[in-house]
Number of protein chains: 4
Amino acid sequence: MPRRVGVWFLGAGGNVATTAAVGRAALARGLAGTVGLVTELPAFAGAGLGGFDELVLGGHELRARSPVEVARALARDERLFPERLVDDVADELAAFAAQVRPGVAALRAGERDGPARVEAVRDELAASARAHALDRVVVVNLASTEPPPEAALPETAAALRAHVERGGATPASVLYALAALGGGHGYVNFTPSTGASLPALEEVARAAAAAHAGRDGKTGQTLVKSALAPMFAARNLRVRSWFGQNILGNEDGRTLADPGAGRAKAFTKARAVPSILGYPVDQLVRIDYVPGLGDWKVAWDHIQFEGFLGARMSLELSWHGADSALAAPLVLDLVRLVDRALRRGQVGALGQLALFFKDPVGCDEHRLERQLDLLLADVAAEPP
Amino acid sequence: MPRRVGVWFLGAGGNVATTAAVGRAALARGLAGTVGLVTELPAFAGAGLGGFDELVLGGHELRARSPVEVARALARDERLFPERLVDDVADELAAFAAQVRPGVAALRAGERDGPARVEAVRDELAASARAHALDRVVVVNLASTEPPPEAALPETAAALRAHVERGGATPASVLYALAALGGGHGYVNFTPSTGASLPALEEVARAAAAAHAGRDGKTGQTLVKSALAPMFAARNLRVRSWFGQNILGNEDGRTLADPGAGRAKAFTKARAVPSILGYPVDQLVRIDYVPGLGDWKVAWDHIQFEGFLGARMSLELSWHGADSALAAPLVLDLVRLVDRALRRGQVGALGQLALFFKDPVGCDEHRLERQLDLLLADVAAEPP
Amino acid sequence: MPRRVGVWFLGAGGNVATTAAVGRAALARGLAGTVGLVTELPAFAGAGLGGFDELVLGGHELRARSPVEVARALARDERLFPERLVDDVADELAAFAAQVRPGVAALRAGERDGPARVEAVRDELAASARAHALDRVVVVNLASTEPPPEAALPETAAALRAHVERGGATPASVLYALAALGGGHGYVNFTPSTGASLPALEEVARAAAAAHAGRDGKTGQTLVKSALAPMFAARNLRVRSWFGQNILGNEDGRTLADPGAGRAKAFTKARAVPSILGYPVDQLVRIDYVPGLGDWKVAWDHIQFEGFLGARMSLELSWHGADSALAAPLVLDLVRLVDRALRRGQVGALGQLALFFKDPVGCDEHRLERQLDLLLADVAAEPP
Amino acid sequence: MPRRVGVWFLGAGGNVATTAAVGRAALARGLAGTVGLVTELPAFAGAGLGGFDELVLGGHELRARSPVEVARALARDERLFPERLVDDVADELAAFAAQVRPGVAALRAGERDGPARVEAVRDELAASARAHALDRVVVVNLASTEPPPEAALPETAAALRAHVERGGATPASVLYALAALGGGHGYVNFTPSTGASLPALEEVARAAAAAHAGRDGKTGQTLVKSALAPMFAARNLRVRSWFGQNILGNEDGRTLADPGAGRAKAFTKARAVPSILGYPVDQLVRIDYVPGLGDWKVAWDHIQFEGFLGARMSLELSWHGADSALAAPLVLDLVRLVDRALRRGQVGALGQLALFFKDPVGCDEHRLERQLDLLLADVAAEPP
């Protein structure tokens with residue numbers, strides 16, 4: 001009997017989840033190539049990764065949205081993939097839509113049903129696992145970015161549970177992480193939201209033999225930074241400033257135009273450069289919403305650097321990428337890799353997945369090539 | 001008694017040699033920082049590298065040029081370094097100027113004095129070593145790029161020497177390499193010219209316990225390529241085309257506007273990307289001469305790549321760099337590293353110096369971070 | 001009875017002709033907006049221009065190509081317009097296809113049938129006019145760019161006809177211009193080829209009360225130049241160099257990769273800047289073929305300029321445009337405007353159409369706003 | 001006896017005033033060319049403009065700053081002009097420094113000495129005119145940008161004076177405008193501050209036969225916009241979004257990093273595009289402070305536009321300009337032109353000077369070429 005792995009998207013009606021669903025179905029049916037999938041590089045051939053046909057999709061979504069309609073709009077208006085591909089995988093998209101539930105909202109201060117919300121999510125995951133005979137579930141947070149919590153959250157599992165119980169304000173991403181990790185599942189935080197990046201949740205994960213990866217998928221400007229900043233370091237060229245502007249027109253852009261959520265994003269985006277260079281850099285990261293761009297993001301970088309004897313030089317970059325097309329294959333990669341890690345008994349923060357994130361949990365390495373080394377060393381180990 | 005290492009520049013009156021001379025003197029007198037010098041990164045602290053005050057400069061130059069005047073023009077017109085720095089190191093520049101000789105030209109078909117030319121260079125190096133009590137000499141080719149040889153040159157040392165003897169056309173860079181390597185010296189080919197990149201000269205080097213490094217200093221567009229192309233590989237993003245345009249206004253630009261020399265340059269510039277990606281890429285590299293730019297180079301890259309499910313994306317870069325300010329510290333790095341290698345008994349092509357070159361000899365690695373690993377592994381070994 | 005105007009495309013199977021045919025049909029049926037059409041600006045409302053439903057398309061094409069298939073590829077692969085629009089206008093495209101004939105080739109030295117070729121084209125135009133009850137025909141040259149003629153062509157109409165008669169080498173575009181203008185038709189040269197830009201053909205046009213416009217449609221980099229160069233002039237900022245690189249992947253790009261045709265193109269592209277600035281500028285224009293770009297063109301400009309007291313500044317531009325989508329509406333504009341001019345009795349080179357061309361015939365004005373003034377003054381005159 | 005015109009800078013110690021002072025002296029002594037000066041274009045030859053040696057500089061500055069030291073820093077660190085030029089004009093800079101006084105601050109709500117502050121400035125102008133036998137004075141506002149006033153200011157001269165008298169909050173730029181215009185002088189508002197752009201001050205100017213020009217010198221991104229936006233209009237290409245990012249590192253940048261002042265600036269910068277295109281455009285203008293850039297500004301524009309049949313295209317620009325080198329010659333131009341206007345009896349807002357401003361007073365024209373037409377028509381009239 002084949003293995004079956006559940007994939008539970010938070011933000012199941014969004015562009016990334018929809019693109020991942022289209023892609024998963026297309027790959028399972030041999031209708032798409034493997035470009036963009038890290039786990040399809042030759043080095044991963046013997047790693048014992050699961051097949052795309054083993055993945056069963058479902059998730060939570062607050063808005064009522066049909067994956068087929070979202071997919072059709074992405075094909076027609078955004079040109080992420082051919083319209084005919086949507087027709088070809090319409091059945092799979094319908095099956096996915098049937099597994100989407102409303103989900104839970106953030107706990108506002110004074111609300112007393114926090115534990116019930118966590119319980120509801122955990123029950124839903126368990127029910128899904130039973131219904132589809134799943135070997136395990138990997139929850140993937142693709143929901144809109146939350147503003148950072150106003151106050152620090154408790155540091156231990158017990159204190160965090162008590163905080164929820166007595167109605168302390170708690171982001172939705174934390175409630176979901178509590179449910180997923182407490183239930184022994186995998187959890188991937190592809191957003192800048194808090195998610196599982198708390199000591200308390202690391203403790204929850206370890207206690208339940210769960211594993212998690214995050215934080216904030218590295219799909220564009222930070223990806224380029226993590227490849228380019230090591231160049232300046234290797235050549236002892238002094239970076240004087242690194243200014244990054246992002247403009248985009250999708251839901252994500254609309255959310256990040258909000259100062260709170262934008263601050264969370266700018267925070268995770270700003271980690272790579274000083275970490276790689278080893279000295280503080282005059283750095284700004286801006287994100288602005290330009291509706292007409294749709295799912296496409298234009299990222300402009302202006303880097304000032306100093307060379308020998310004080311010569312002042314600069315480098316500018318313009319990145320034109322389709323956000324969902326960049327994110328979706330990484331989501332599928334991460335599900336496969338978290339599933340493999342759980343099969344191998346790895347628990348807690350999976351630092352070897354730093355390659356995928358702007359602000360990796362369980363790992364301080366931001367240099368892209370070194371992150372690749374970490375991942376390759378892990379997949380070279382005994383397969384599960 | 002302190003060690004003394006001779007540095008013999010081919011093209012001693014050019015911008016790079018002049019900037020290196022200004023920089024060496026400024027470093028020796030504590031007037032300049034170490035930005036741009038790879039060998040001043042912390043990892044090189046225990047490698048046993050020689051000091052900048054141990055370097056004695058000289059070289060060959062066909063044109064009559066005063067290093068002080070070239071330096072002053074670079075300061076005033078090109079703003080590579082402050083004008084007052086030229087005043088501060090005027091004595092050292094005068095001492096350098098006193099060690100510059102006319103040098104030899106390429107052997108044209110039928111000319112019979114090839115062996116005499118090689119001998120003359122070898123004598124000059126020996127005389128300089130005696131006069132200045134040098135422990136060794138490192139010849140650095142910074143001369144104008146030569147057109148590629150019209151016919152392949154012989155593959156063995158004996159056949160190459162016979163070719164020169166009977167008046168076979170031979171580039172000047174090869175005559176110099178014969179003299180330098182035959183005399184047991186170090187040889188660095190910082191240009192796209194042939195230099196020591198021939199099996200016959202590797203044989204000469206090994207026979208005389210000489211060592212060499214090359215080819216074509218990696219200072220701008222190719223440097224960026226060697227940092228960025230691995231990003232596309234690591235993420236399985238398919239590069240569809242990589243177009244590179246370079247505009248510059250110095251002597252080098254004027255030389256490369258010549259189709260022959262330009263072809264040599266474009267050849268070494270085009271190696272990195274397909275080597276790193278592992279598949280053929282539709283790639284063009286252009287170099288054009290725009291006089292008003294002076295020593296500054298603007299390099300524009302346009303990269304088309306394909307993402308998941310066929311999405312078409314692109315990245316553009318504009319690099320604004322001062323060529324000589326980028327090259328000069330690498331020249332000083334290479335002299336120190338070749339000197340160290342010779343002290344350690346390393347001979348032939350020094351593959352561990354690939355980090356510095358567009359088309360490295362003795363090494364097939366083009367990924368910048370991997371090249372850095374090779375160098376760091378080498379310097380971590382027992383110092384001489 | 002409604003008027004009917006014939007539109008006779010040279011290069012009828014190419015991307016521009018096909019896009020124009022799709023657009024004409026879509027406009028006639030109310031399926032498309034007027035974006036990109038100069039003649040649909042409010043100022044043209046009372047000019048007495050003909051309707052899009054009055055245009056009857058036909059033309060010459062050496063290759064066998066179905067407009068429907070070309071249109072479908074432009075929709076699907078190049079995303080110039082929606083695929084469903086091709087279905088909607090399939091009937092019109094089929095009617096256009098039925099009017100496409102093989103055409104004639106350039107006269108090579110010694111070939112004696114030049115007059116017969118001219119005659120054949122003239123007969124074809126006449127037959128088409130009769131068959132479709134056309135009021136007049138406007139021939140539009142959209143064929144692949146020819147290399148510039150090796151020797152200057154004769155200066156008078158009689159001498160040019162004698163040249164053709166005795167088998168003097170003659171570009172195809174000149175043969176077509178002879179036929180079109182000699183027959184009293186309109187002729188638009190949208191390419192850098194010679195076309196009607198000869199004194200001899202101006203004489204032919206005037207004798208036959210024909211009118212022509214050209215040369216080389218201004219669709220991208222030169223359009224921007226003609227808007228931006230006046231800025232430097234108005235502010236007395238001194239342009240030191242203007243470097244322009246174009247990369248594109250369509251048939252046009254393939255043709256222009258040929259040095260001969262490329263030279264013709266670079267020539268017409270280089271006129272605007274020095275003409276506007278009034279002093280010679282260090283200027284280069286490059287065109288390169290990058291197949292993966294398809295019908296899309298990326299144009300990069302690097303402009304160095306000097307400000308007050310010698311400060312050195314620069315401006316860089318990257319233009320991402322779909323060549324055929326930029327050209328096609330101008331083709332429709334030109335047909336309407338040439339038809340109007342003929343109805344008003346204007347003959348010879350129509351200088352007021354300079355706005356549309358890189359190297360305008362009958363007009364020395366390259367500044368875009370001044371060209372617009374010329375056109376607006378003309379359309380403000382008594383309508384026909 | 002030669003004419004003498006006073007130039008009274010508000011912000012006399014800043015980079016622009018200093019560069020203007022260096023430039024005026026250099027021009028008067030024949031040490032500098034006329035690049036960057038609009039009034040030195042051939043068309044202005046017969047306009048009866050005053051000479052640079054007729055200008056007598058002075059002004060207000062709250063900070064203690066030596067023009068020689070500011071100039072030296074601009075030469076050495078920012079490379080706006082050669083260091084030796086500062087030596088050559090040191091005497092003139094010292095004479096300028098001797099004419100700089102502390103000036104007055106904004107009136108905060110409840111402060112009762114507003115009329116006294118206006119009087120003090122007026123007296124200072126009158127004293128300067130007497131001391132230097134000036135024919136007239138032109139006040140030029142180059143001071144740091146003020147936040148926009150919190151409440152609208154009164155609409156008539158009498159009401160504005162009453163507002164000041166009873167201690168209503170009043171920006172310093174308005175106090176200066178009251179003094180300058182009330183005294184019959186010229187007033188140029190080169191900043192986004194309120195200055196004379198109020199109906200009440202237009203009334204003051206007309207009553208006292210004074211003239212003024214403004215608002216916010218057009219030196220970079222908006223200059224390019226006013227040249228490029230007409231291109232989209234002329235070709236009926238639909239601009240979907242225009243995003244502009246500015247980064248700079250001088251005092252101006254530091255001030256504009258403050259949200260209030262930044263808002264004022266973004267407001268004046270945002271006028272040109274919709275005004276030229278005639279429809280609302282999704283437009284954002286950002287200004288960020290990047291200290292290492294010094295007086296240099298990098299402006300990045302991303303323009304999305306739609307072509308025929310819905311094709312989506314884009315244009316990106318990167319402008320690298322030295323702010324003070326762009327502004328200073330315009331300041332000298334404006335002084336000469338305002339002086340000429342006053343001699344010719346022109347009063348109130350000088351709309352013909354729109355060419356110089358982001359948000360012109362007395363004129364709704366934003367298209368650069370049309371603004372040039374207005375100015376040329378004015379200078380073609382009978383000289384004073």
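Copies in this predicted model are superposed by least squares on the C-alpha atoms of residues with pLDDT of at least 70 in both.

**View 1**

**View 2. The contact between chain A and chain B.** In this interface 62 residues of chain A are in contact with 62 residues of chain B, and the two chains bury about 4900 Å² between them, with 65% of that area on carbon and sulfur atoms. Three residues, R235(A), F308(A) and L309(A), supply 19% of the area that chain A buries against chain B, which is more than any other three residues.

**View 3. Polar links and contributing elements on the side of chain A.** Between chain A and chain B there are four salt bridges, and one salt bridge joins the side chains of R370(A) and D373(B), with an N to O distance of 2.7 Å. The count of residue pairs in polar contact between chain A and chain B, both at pLDDT 80 or more, is 18. The elements of chain A that give two or more residues to the side touching chain B are the helices α1 (15-28), α9 (221-234), α13 (323-343) and α14 (368-380), together with the strands β9 (296-306) and β10 (312-322). Strand β10(A) provides the largest share of this side, namely eleven residues. By class, the side of chain A that touches chain B has 40 nonpolar, eleven polar and eleven charged residues.

**View 4. Strand pairing across chain A and chain B.** Strand β10(A) pairs with strand β10 (residues 312-322) of chain B in the antiparallel sense, over seven bridges. Within this pairing, W319(A) stands opposite L315(B) in β10(B).

**View 5. The pair formed by chain D and chain C.** Chain D can be laid on chain C with an RMSD of 0.0 Å by a turn of 180° and a shift of 0.0 Å along the axis, and the C-alpha of chain D nearest the axis, that of L317(D), is 2.2 Å from it. The same surface serves both copies, as 100% of the contact residues of chain D recur in chain C. The contact takes 62 residues from each of the chains D and C, and about 4900 Å² is buried between chain D and chain C, 65% of it on carbon and sulfur atoms. Of the area that chain D buries against chain C, R235(D), F308(D) and L309(D) supply 19%, more than any other three residues.

View 6. Four salt bridges are counted between chain D and chain C, and the side chains of D373(D) and R370(C) meet in a salt bridge of 2.6 Å, N to O. Across this interface there are 18 residue pairs in polar contact, both at pLDDT 80 or more. The largest share of the side of chain D that touches chain C, eleven residues, belongs to β10(D). Strand β10 (residues 312-322) of chain C runs antiparallel to β10(D), and seven bridges join these strands; S314(D), in β10(D), is the bridge partner of H320(C).

How values were computed:
Residues are numbered from 1 along each chain as its sequence is written. Chains are lettered from A and ligands numbered from 1 in the order in which they are written. Side-chain values use heavy atoms; hydrogens and water are left out. Contact means heavy atoms within 4.5 Å. Buried area is the accessible area (1.4 Å probe) that two parts lose on being put together, summed over both. A polar contact is a pair of N or O atoms within 3.5 Å; within protein, one must be able to donate a hydrogen and the other to accept it, and residues adjacent in sequence count only if both atoms are side-chain atoms. Helices (H or I, at least four residues) and strands (E, at least two) are DSSP runs, numbered from the N terminus. Ala, Val, Leu, Ile, Met, Phe, Trp, Tyr, Cys and Pro count as nonpolar, Asp, Glu, Lys and Arg as charged, and the others, Gly among them, as polar. Two strands pair if DSSP finds at least two bridges between them.
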